[in-house]
Amino acid sequence: MWKLTSRFRPHINSNSWLIRHFSSGDATGLYGFDHLKTAKGFQRFVADAIERSGELVSYISGMPSSPDIIKAMDEISDTVGVCCVVDSAELCRQTHPDREFVEAAHKAAIDMNDYLHQLNTNQTLYAAVRKAEQDSNLLTEEASRTAHHLRMDFERGGIHLSPEKLDKVNNLTTNIFQLCSEFSGNIADDPGHVDIFPVSRVPRHLHHLLTPVYGGSPRGYKGSAHASKHRGFRIPTDQRTLSSILQWTSDEEVRKMVYVEGNSVPHANHGVLEKLIASRHELALMMGCNSYADFMVEPNLAKSPKVVTSFLQELSRTVKPKADQEFIAIRDFKREKCGDKSAELEPWDETYYTSMMKSSVNDVDTSVVASYFPLPQCIEGLKVLVESLFGATFHTVPLAPGESWHPDVIKMSLHHPDEGDLGYLYLDLYSRKGKYPGCASFAIKGGRKISDTEYQLPVLALVCNFSRASDSSVVKLNHSEVEVLFHEFGHALHSLLSRTDYQHFSGTRVALDLAEMPSNLFEYYAWDYRLLKRFARHHSTGETIPEKLVKSLQGARNMFAATEMQRQVFYALIDQMLFGEQPETPRDVSKLVAELKREHTSWNHVEGTHWHIRFSHLLNYGAGYYSYIYAKCFASTIWQSVCEEDPLSLSTGTLLREKFFKHGGAKDPAELLKDLAGKEIISVHGEGIVPATTCLLNELKL
Ligand SMILES: [Zn+2]
């Protein structure tokens, strides 16, 4: 499984005008911000941020020395509060149970958006940054890199264009932002549903996810003449329910109906996506690029969509033979199970039969595995990890009154015995109604050097949606959830351990195709018995997880590695194609996706399905989805060359921290990777950089 984090870079614009508030330790408002004692406080929060920012803008317009320009620019982005306002507002909007707070946060985000726009088009600031960049001999390496990035950010917002063109760029940016919200709004509002009669067609343990229906029109049920007498279920086809139904339902007709419906809605997104593609393309042209993919990939390691596409195509060819074999194995298994020698394997069969094959071959009962992963024990696992790797403790600290947004939230401090507190992490891990539905790390404050003796500590929140099984009072994670937790913790550590001078490069603010590396690296820990035996204990007996069980899990882990890789390559290719160079006449996007599926996967395309209209990664990761595959490759190489031999030692942790985490985005990403894992971790292809795939392909036996 590939874990997808929604990274809430504000969609507001491409500039990192993210300013952070710095409050004293005794604050008692939300997230420790004095202003946020009440929802109304967001107004004051915004006003103060703008006021302080204005002071810094006038200071910069006096053209102080170049180092002072960069410091003040970073302070605008940070200390004053724009970033804090934007990031806190986003976290609040996504997780706060109180409507009033959510609305105030939403309003704050809109107000900040307007102000950010003024900053991004401020010619005085742009001139100052250019001056600083030219005086790079006066700057430290990091300051000079900051100056360069700030100038690029300004120009990616169109500041260097004529007023008419800049106006057009601004309209397009706003339009793109609206289309993105519309796209995700449609997914949430129109998840689709199918009605299934009678209830016995759905496995009992999924009944709590569904709404009973009586009579009605029992679509697809062959015995429908009497169906109205039956009680049935309305199955919503949102992603989560869809996955559960596809995994557990033996009735193929039910799986098919749910698959087809779930992969056909929301219809409204066809139009939204076409408009989004067109607007992004137009924006890219105005910026002097050939395509939106050009525009997006240019600042990354890969540098050009050509490099990305050829990397993906080569990977596709490499995994094809093995993926075809896996397909045949699954098909034969289906034929055997349903006693039909000519049964065809369809996309709605995949999860059902692969899960069954995994558990039959490896004797893995997911509920038995989950009984060793009660959530509090998993948090113990994170503690063991940071203690072993970094000699640090990760412990609960009290929340000040008003600081928390829900009774489930706890606050942790990452503390080093010699260095003191390194940063803070709120954990909001349980699912509840109205909360952001996925798992993600949210920034609240970035790390930043304030003076030679003072460092602003990073603060962030890790948000997940773990829920109790219907028959249990303890939240137990299934193994893939443990993996997600470690993934998100990897992102969190990237921020918590970074010690950049400027918030501009704090933690995860790195090239997009490097950002998922730490999280993918930390997923390995969720599979390593050397760590698991130190925290995974049975929720009632306290017994340590048996090594045999972990071996079975590991055996099942990569059973369909080629199929999974094919899927990721297919997703990444869709993303590249849709936002790549556009033909004269608009294309039929659904047709293009269907062709890519036939060419790059071993599976049928089901006519009439349009999977991509629910592919929300097209929004945040437009032309950047390939980053996940890059990250998998980097993480595998680093795991094998740095961690695998002794994954829990202080020396391993020190390497990770000193050669990677500490630097955030402040150093050239290719240099960071080579310094950590040796020069073979990457290679230069044409104008860009591609990751070595050897370690990953060996690991997956491809
Ligand atoms: Zn991630």
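This is a predicted model: local features need pLDDT of at least 70, side-chain atom pairs count only at pLDDT 80 or more; totals for chains, interfaces and linings use all residues.

Trainee: How many helices and strands does the protein have?

Mentor: Helices (H or I, at least four residues) and strands (E, at least two) are DSSP runs, numbered from the N terminus. The protein has 27 helices and 12 strands. Its radius of gyration is 26 Å, close to the 27 Å given by the globule rule for 702 residues, so the protein is as compact as a globular protein of that length. That radius is taken over C-alpha atoms, and the rule is 2.2 Å times the number of residues to the power 0.38. Along the principal axes, the C-alpha trace spans about 80 × 65 × 55 Å.

Trainee: What describes two packed helices?

Mentor: The angle between their axes and the distance between the axes describe them. Axes are lines fitted to C-alpha atoms, for helices over the stretch in contact, and angles run from 0 to 180 degrees between N-to-C directions. Angles under 35 degrees count as roughly parallel, over 145 as roughly antiparallel, 65 to 115 as roughly perpendicular and the rest as oblique.

Trainee: At what angle do α24 and α26 pack?

Mentor: Helix α24 (residues 627–643) packs with helix α26 (residues 669–677) at about 30°, their axes being 9 Å apart. This angle makes α24 roughly parallel to α26. Two residues are in contact if their C-beta atoms, placed from the backbone, lie within 7 Å. Here Phe634, Thr637, Ile638, Ser641 and Val642 in α24 meet Leu673, Leu676 and Ala677 in α26. The contact residues comprise 6 nonpolar, 2 polar and no charged. In this scheme Ala, Val, Leu, Ile, Met, Phe, Trp, Tyr, Cys and Pro count as nonpolar, Asp, Glu, Lys and Arg as charged, and the others, Gly among them, as polar.

Trainee: At what angle do α8 and α9 pack?

Mentor: Helix α8 (residues 239–248) and helix α9 (residues 252–262) pack at about 155°, with axes 9 Å apart. That makes α8 roughly antiparallel to α9. From α8, Leu242, Ile245 and Leu246 meet Arg255, Val258, Tyr259 and Gly262 in α9. This contact of α8 with α9 divides into 5 nonpolar, 1 polar and 1 charged.

Trainee: How do α12 and α13 pack?

Mentor: Helix α12 (residues 305–338) and helix α13 (residues 350–362) pack at about 85°, with their axes 10 Å apart. The two helices, α12 and α13, are therefore roughly perpendicular to each other. Ile330, Phe333 and Lys334 of α12 make the contact with Glu350, Tyr353, Thr354 and Met357 of α13.

Trainee: Which peptide bond that ends at Pro198 is cis?

Mentor: The bond from Phe197 to Pro198 is cis, with omega near -15°, and Pro198 is found in the loop between β1 (193–196) and β2 (211–214). The bond from Val265 to Pro266 is cis, with omega near -10°. Pro266 lies in the loop between α9 and α10 (268–286).

Definitions and conventions. Residues are numbered from 1 along each chain as its sequence is written.
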